[in-house]
Amino acid sequence: MKHLLKCVPCNSYTLKEACAVCSATTVPAIPPRYSPDDKYGDYRRKAKEVNLRMDGLL
Ligand SMILES: [Zn+2]
């Protein structure tokens with residue numbers, strides 16, 4: 001299922017993964033408050049890995 005994507009610099013909406021105007025990587029428009037490039041997801045995974053290491057599980 002295609003999600004509506006948004007170009008943040010242009011503040012415009014598209015279905016393509018790269019903006020046709022500025023070539024910026026577009027981000028999912030839904031949910032609107034979610035992190036643009038999922039960097040928090042990456043951070044979350046890293047933080048979890050650190051916790052696992054501290055617990056001696058890795
Ligand atoms: Zn753009």
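## The overall layout

Helices here are DSSP runs of H or I with at least four residues, strands are DSSP runs of E with at least two, and both are numbered from the N terminus. By that count, the chain has 1 helix and 3 strands. Follow the sequence along and you get the pattern β-β-β-α.

A quick word on what you're looking at: this is a predicted model, where local features need pLDDT of at least 70, side-chain atom pairs count only at pLDDT 80 or more, and totals for chains, interfaces and linings use all residues. Residues are numbered from 1 along each chain as its sequence is written.

Contacts are pairs of residues whose C-beta atoms, placed from the backbone, lie within 7 Å. Take those between residues at least 6 apart in sequence, and 12% of them join residues at least 24 apart.

## Two loop residues with positive phi

Most residues other than glycine have a negative phi. N11 isn't a glycine, yet its phi is positive, at about 55 degrees. You'll find N11 in the loop between β1 (5-7) and β2 (12-14). N11 is exposed, because it has 7 other C-beta atoms within 10 Å.

S23 is also a non-glycine residue with a positive phi, near 65 degrees. S23 sits in the loop between β2 and β3 (27-28). With 9 other C-beta atoms within 10 Å, S23 is exposed.

Note on methods
Two residues are in contact if their C-beta atoms, placed from the backbone, lie within 7 Å. A residue is buried if 20 or more other C-beta atoms lie within 10 Å of its own, exposed if 12 or fewer, and partly exposed in between; C-beta atoms are placed from the backbone.
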